[in-house]
Amino acid sequence: MINFTTYRIKVMDRFLRPSLFFFLVTLFHASAFAQTGPGGVGNSSDNALWLDASTLILNDGDALNSWTDLSGNSNHATQASSARQPKYKTGIINSKPVIRFDGSNDLFNLSTHITSQALTFFSVFSSNTSGAKVIFESENHLVLGRNIDAYVEYNSRKSIRKTWTTPSIFSLTSDNIANSTYFMTCDNNSSTKSRTSFYSTTNSTIGGYGNLSGGAFNGDIPELIVYNTALNSAQRNIITNYLSTKYNLTAIQDLYSYDASYGNQLIGIGQEADGSNLSARGMDSILISNPSTLNDGDYLFVGNDNAGFGTNTNVEFGLSERWDQTWRAGVTGTPGNVDIEFFLGANGFAAATNYVLLIENGDGDFTNGGTTIHETGRTFSALPSPSIKFTNVNLSNGAYFTLAEKDSGIESVKSGEWEDTDTWSCNCIPTDVDVVTIISPHLVEVNSNAEVLNLTLNSGASMTFDGFDTLKIYGNFVINGTFNAANGVVSVLGSSSTNEFYNNSASRVDFNNLYVNSTNGLTLANGGWAISNNLQVKAGGMDVSAADSIVLLSTATKTSQILASMSNAFTGNFIVQRYISSRTSNFSDISTPISNGTFNDLDDDLPISGANGADGNATASGGGIFYSLYKYNSKKDKHDTITNINSTMIPNMGYEVYLMSTLSTFNAKTIDFIGIPNSGDQQMSSPNVFNQGWNLLGNPFHSFIDWSFVTTYSSIPNLGPIYYIYNTNNGSYDLLNASVPIAPEQAFWVYQPNTGGYYPTFSESAKVNSNSATFYRQKYKNPHFKLKINSLDNSFANELNFNFNAIATSDMDIMDIPNLPSPIQEAPSITAKARNSTEGLILNSLNPLDEHQLIPISVKAGITGSYEINAENLDALFNNYSCAFLKDKATNQSIDLIVEPSYHFEAEKGESDRFELILSNNYDQCHNLLEDNSFIQKLDSKLELRSASNQWFLDYTLSQENTQLSISVYNLAGQEVIAPIEFSANGAGSYAIREIQNLEGIYLIRVISKDGIINKTVKL
């Protein structure tokens, strides 16, 4: 951190450009895995030793006590004895220095003994003797040289002829098998030899035997390289070309033609049949990587003119300056386009958004036309050291290139409106191709729809929206000053590169609406970000992993939302807030909007008990642990406790979470979910499937959804036009119509009357545009006639709804929904019963074509005390019946609900079939039914096919054990026309045979159960 701060001060002090505050952007870029060895081959993991005399700063004739290892392994060559120290000599081979051994007793020992059996060795050497003397010795390998030969010794000594008696490039490649072959090259000669064993010694030395028994080398070694692996032939070609270019020598295969002027720090990528080298940096300030079409025999080499990193203005119009140093490409075959990254160090000279790559394919003159300005994929990274990267770069053979700065673009000249030409230095209105900087202390207002390529807000400058206008950004946005989104919209567009937004302001940047529709997506980096209204990612994705934080805000008056977006829209963790209003302490239905959340997301905001949370465990009434987290097991029809705070919250599933601030009250609170927001189709997965009976589902999105848009992948009975949400204030499950959107982070209950085992899918198209802060508090206007029971001694209540539909029957059918008992024992309930079932119904569907109805009503008193039943929404009743009586069989009272829609009574704790509801179109008939008391339940097992409203239904009354049913359909020729419909059912209910709705003609419907077969010929 100290070094980076120092660097920042140097840059600001040197260039005095506010825009260079951009260098503080901390889009971490790791180049540790780049190929940093000689020629850009290998790194410290496999480049065991690299000694280069040209990196030493000494005087001619100086004795060396140490030759520094450049591999990164600190395996330095050392000699403590001054009498045995080789000499440093300048200007010997191609004007490069060498290390000179005297042939008497000069010797280097390596700091670390090299023991690798697999090995690749390179050396440039010149020998003054006719005798073979030691160049390199390790535990398993011995390399010797003389004026006309180079040797390798294992169980026997084998040689390879030098082309010249002058300096030569020698290489050895060995695998790790003793009884094997090894490969040697010297200049443009190559040879494969055999061995039966490895060489053996206990020292690693250069210039003589480690046991001091002689072999002293007499000659010069400017560079020596060792790898602890057998490199492939492409890597060996690259290294020999690196050495031949540097020392003006002959390579085994010459692949670079520009040695004379651009032979410095040569690096290369390439491929042969036995392998490749796909990225290269070496000791240079650039990294080449990611070739697009590299095939066998293809190479790209890059060398520089060593002109240094000062700058000059020898550039074309539209550019301001460039580095002095120029690189040149040597291309063999068709390696394709590559990525090029420049490492700036302390040599940066421009704002990050102003760097461009200059490519000149002609004479190397960047001022006389023919220059290509490349900006594609430009990415700035501040750590571990500043660098600028370009992608998809095309370099032809002989192309020159360097790093340059384009003109800074448009700047503000005063405070004013975006649409005012006087605001800008160009006396124009910026467009989508302009690079714009707002400088201090100017305030610019976006007063109408605007657009820009790159926008920088300098420290001390401000920007705000004064309406509902949209600012379109096609490139990058750097915020060093004050940004106020107000009611505005920021729309991220573009197709050439990733849009990058950087917050260097030391304050959180809040967007109102942020829309992303960019081919390569949006990256948010540095600092904190937030969205208060709408977020939508239609294309390209949104990556926030480099940001300090990003919050989707929720308050008492407004909740942000993620509008319909692409699948897998997000990378990196968001903080998704959800405001929950004040209410009675009780359980609430909650779901998760993120894909990787756990109950820990709730533990820092809510007191959690029974799951080993941060607050410990509370004691339940009557003793034992109080469990505040539950999930519902639809297969077993039971609640399961959640006992591990690290358990995953599964999207699409709902959870019962106890909300409390005091024993009686939950104070308003904002809870946080931290993770990747769900996007795209969210399908329930095994074993979490939608089953017969009650199911606790969860809205998986940070947005309202329309339940009627949730789909499945199979032909199933309807999911139901209604759903239920637990009301913490009255202790009951309130019925809502599907037209009422389900809130973000809201779980809800759905009843499936028959069959199960399928997977509802919540799609982006189910989202509803709403920024309401509602977390289910206000019920919608219920379209049903209902009876509501209230305890007059506590706050709990429950309601029974009646629906009128021509396909309904007096038996339990597909339109009826059983009661979901309250987890609060003190809460009352009121339910109806169908003629063929003892199960209590919370929604009872009646056929209005029946002239009169007599419905048994059960009530449960949670405590002994006073209760009241109120008839509500009588208009829905009067559309079908002209009289309605509620009969209390305990007191033999009959209440005319049309005259008096409220009835007060006393009840002992417990459940009873105390009431009857009588409905009729005839007032006299109502009184006859009151006297008759003629309701008789029919509980015999039965199956019956019934037609209503152009649909066919299978009505059933079964035991409580699951019974397998199969429905088949045949034409008059006896051919099966649809696959058999198989499902299990229990109790009483009805199955809508929707699979036959598209058939026309006469067909046979056959129903098979364990108790028999029903055949019915029908006309469809």
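Me: What is S791 in contact with, leaving aside its neighbours within four places in sequence?
Reply: S791 touches F796, P828, I863, S866 and Y867, where contact means heavy atoms within 4.5 Å. This is a predicted model, where local features need pLDDT of at least 70 and side-chain atom pairs pLDDT 80 or more, while totals for chains, interfaces and linings use all residues. Numbering starts from 1 along each chain as its sequence is written, and side-chain values use heavy atoms, with hydrogens and water left out.

Me: How far apart are S791 and Y867?
Reply: They're 76 residues apart in sequence and 4.7 Å apart in space, C-alpha to C-alpha.

Me: And is S791 buried or exposed?
Reply: S791 is buried, at 6% relative accessible area; buried means under 20%, exposed over 50%, partly exposed in between, with a 1.4 Å probe and protein chains only.

Me: Which strand does S791 lie in?
Reply: That's β66, residues 785-791 (strands are DSSP E runs of at least two residues, numbered from the N terminus).

Me: What does the side chain of S791 reach?
Reply: The backbone nitrogen of D793, at 3.2 Å.

Me: OK, new topic. What's the volume of the largest pocket?
Reply: About 720 Å³. On a 1 Å grid over the protein atoms alone, a pocket is an open set of points with protein on both sides within 12 Å along at least five of seven lines, a cavity is a set where a 1.4 Å probe fits but cannot get out, and lining residues have an atom within 4 Å of a point. Points join across faces, edges and corners, and volume is the space filled by probe spheres set on them.

Me: Which residues are closest to the centre of the largest pocket?
Reply: Of the 27 lining residues, F587, A620, S621, F626 and Y658 are the closest to its centre. β52 (586-590) and β55 (655-659) are the elements giving two or more residues to that lining.

Me: And the second largest pocket, what's its volume?
Reply: About 600 Å³. It has 29 lining residues, with D637, Q692, G693, W694 and N986 nearest its centre.

Me: How many cavities of 30 Å³ or more are there?
Reply: The count is 4. The largest cavity has a volume of about 80 Å³ and 13 lining residues, with S810, K833, L846, L854 and I855 nearest its centre.

Notes
Helix = DSSP H or I, 4+ residues; strand = E, 2+ residues; numbered from the N terminus. Polar contact = N/O pair within 3.5 Å; in protein donor to acceptor, adjacent residues only side chain to side chain.
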